[in-house]
Amino acid sequence: MILTLWILSLIVFFAGQILPGDPGRAILGPFASKNSVQILDTQLGVNRPLLTRYLSWIGGLLHGNFGTSYSYRTSVEPFIHAALINSIKLALLAFVIVVPLGILGGVISALSAGRAQDRIISVAGLSLATVPELVTSIVLIVVFGVELKVLPVTASAGAGAGDLSQFRHLILPAIPLVLVLFGYIARMARAGTIEVLNSDYTRTAVLKGLPRRTMIRRHVLRNSLLPTITVIATQTGYLIGGLVVVETIFNYQGIGNLIYKAAEAKDFPMLEAGVLTIGVVYVLATLAADLLLIALNPRLRTGGSGD
Amino acid sequence: MTDITADPGGAAAPLGPLGPQMTVAVAATAARVGQTRWRLLLRRPTFLIGAVILVFWVFCALFGHQIAPDNPLAQNLLSANTPPAGAHWFGTDPLGRDVLSRVLVGARNILIITPLATILGTILGTALGLVMGYFGGAVDLVAGRLVEAVLALPAVIIAFLFIVALGPSVLTLIIVIGFIFTPLIARTVRAAVLTERNLDYLSSARLLGENPVRIMFGEILPNVMPAILVEFTVRLGYAIFTVASLSFLGFGVQPPTPDWGADIAANYSGLLAGYWWQTLFAALAIASLVTAVNLITDSIEQVLSA
């Protein structure tokens, strides 16, 4: 896990270093004197050897110093912090909607495996997962924001708005994410459920005459949802950082949008810190999923009641 | 994401070191199985619908300029923002350009970039996956960590990290997306290779002292081909997703060249003024292309697993 993060830091750092042109020039603009550009470069430390720069960047990160933004000339930390909180709000809302929906879809499709219902859910899920949020966002805005005028089309309610109003503003941006994730979750839930349905203990439950509802609730659901947890964790990276497009269309100050703006402004410390933050969130989510799996699966843990 | 396991009983029967006649016979069987599958595919309505849509867009990509009713670049400020009507079926954009013509011609770039990027990623990913799966051990471990690191980030984010550094162009997009897909495809191919690795035909090839490169590409590759084919079509769908998103963000084809993503970016602020036709048709074009690829993918998957 540490190794993964370290490789990630290398990729992020060296991608930043192949940028043509020098940051001092980029900040001061084409009319600044050569001398002042050089002074600024020295101040920013960008004319030191590559390895020294990498070590000081990594050293800073380990001490909680994320670097100084080229554009704002202050620490990038507050920007990352605020954007991350915004992204987490949006991601949470999307999760709360999509997880039950995806599981429901997957279980229904598994219970009717091979029939029309199953095929429709599978193909629709797969298609929605690959229709860019760009497309769904536009369609949603046209339908709900412009034609029906029932929901606000910007994600931020503005300063001083109440929680309820902020929540209303987040509904429309959350839907494209729900549509993208639905297919993945349904697919995993379907696969898990089918595996359990074919297992010996399910057959035993059927043979001992357990009502279908009880069997599904007590035996099938409980066991089929384990693989779903993993897929939810692997989608966290996407939910936290992959929302550049949605955040741009709905004008939301999340971390995807922050990285996008930093990339446009060639603000590399901001860009690197943002990308690395997404990596850390992803790794933490994966770890949390592993721990949760251990907690939920009696075969992976020692002690505790099995229920 | 989608993990596809190789089909063990598969179409491509092992081309073992069993003498030339045997190989020929096996190859003939493989060809026959291939034909049957092709016929099965053509009988699936989902495949046909997908194929028709895809062929339509490929036709537009090739001959867009000829079939477009207007010059997609011709501005006419006097007829700016006109809603869909007789003269302009899909209306006009803020510069008075014909939206229908821009949508038709806009198919070109995405249909150049996505297949090439996916082919690049599939070739590199297959090579990497074969090496990882066949050698295992330290090679697998190191490459595996690299794959994990790349998977930790959303594709769009890695893409623009590199596109900012290299500058946006069609070639950059192809290379960057190809490289992003490499680890993803390698992971699938590796899994498929692992199921083949301990089968008898490979042990005998090893015992005969064939060199690893020949074993990997001559023996294993034909057997994991179905898995690679499915992976290719799945990735093609994602490539469309990624390219459309990147060009929307301004990292793709630059204006005034017609492009679905870029045109949406240029006009989506007009949505609030009610000019829905300027973005909706390009959005639906993207959706139809993605759906077509998915219908084809799903049919191929069904036929191969049947």
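This is a short tour of a predicted model, with stops to select one after another.

**Stop 1: chain A**

Chain A has 15 helices and zero strands. Colour its 307 residues by burial, and 41% count as buried. Now think about contacts between residues at least 6 apart in sequence. In chain A, 68% of these join residues at least 24 apart.

**Stop 2: two helices of chain A**

Stay in chain A. Select helix H6, residues 116–130, and helix H8, residues 163–197. Their axes come within 7 Å. The axes cross at roughly 135 degrees, so H6(A) and H8(A) are oblique to each other. The crossing is left-handed.

Next, show the side chains where these helices meet. On H6(A), pick A:Ile121, A:Gly125, A:Leu126, A:Leu128 and A:Ala129. Facing them on H8(A) are A:Leu179, A:Val180, A:Phe182, A:Gly183, A:Tyr184, A:Ala186 and A:Arg187. By class, this contact has nine nonpolar, two polar and one charged residues.

**Stop 3: A:Ile185**

Select A:Ile185. Set aside its neighbours within four places in sequence. Which residues are then in contact with A:Ile185? They are A:Val98, A:Val99, A:Gly102, A:Ile103, A:Gly106, A:Thr228, A:Val231 and A:Ile232.

**Stop 4: the largest nonpolar core**

A:Ile185 also belongs to the largest nonpolar core, which has 162 residues. Which members touch the most other members? Select A:Ile185, B:Phe160, B:Ile240 and B:Ile286. Then select helix H9 of chain B, residues 212–248. H9 of chain B gives the most to this core, with 17 residues.

**Stop 5: where the chains meet**

Show both chains in separate colours. Here 40 residues of chain A are in contact with 37 residues of chain B. Several helices of chain A each supply at least two residues to the side that touches chain B. Step through them in this order:

- H1 (2–17), then H6
- H7 (133–147) and H12 (236–241)
- H13 (244–249) and H14 (255–264)
- H15 (268–296)

Now colour the chain A side of the interface by class. The residues there divide into 31 nonpolar, eight polar and one charged.

**Stop 6: chain B**

Chain B has 11 helices and zero strands. Its 306 residues include 49% that are buried. Take the contacts in chain B with a separation of 6 or more. Residues 24 or more positions apart account for 73% of them.

**Stop 7: two helices of chain B**

Select helix H2, residues 45–67, and helix H4, residues 107–135, of chain B. The axes come within 8 Å and cross at roughly 115 degrees. H2(B) and H4(B) are therefore roughly perpendicular to each other. H2(B) passes H4(B) in a left-handed crossing.

Show the side chains at this contact. H2(B) brings B:Trp57, B:Val58, B:Cys60, B:Ala61 and B:Gly64. H4(B) brings B:Ala107, B:Arg108 and B:Leu111. These residues divide into six nonpolar, one polar and one charged.

**Stop 8: B:Ser204**

Finish at B:Ser204, in helix H8 of chain B, residues 200–207. Why does B:Ser204 count as partly exposed? Because 15 other C-beta atoms lie within 10 Å, and a buried residue would need 20 or more. Last, draw a distance from B:Ser204 to B:Leu40, 164 residues apart along the chain. Their C-alpha atoms are separated by 34 Å.

Definitions and conventions
Residues numbered from 1 in each chain as written. Chains lettered and ligands numbered in written order. Predicted model: local features only at pLDDT ≥ 70, side-chain atom pairs only at ≥ 80, totals over all residues. Axes fitted to C-alpha atoms, helices over the stretch in contact; angles between N-to-C directions. Helix = DSSP H or I, 4+ residues; strand = E, 2+ residues; numbered from the N terminus. Parallel < 35°, antiparallel > 145°, perpendicular 65-115°, else oblique. Left-handed = near helix turned anticlockwise from the far one by under 90°. Contact = placed C-beta atoms within 7 Å. Nonpolar A, V, L, I, M, F, W, Y, C, P; charged D, E, K, R; others polar. Core = buried A, V, L, I, M, F, W, Y, C linked by C-beta atoms within 7 Å. Buried ≥ 20, exposed ≤ 12 C-beta atoms within 10 Å, placed from the backbone.
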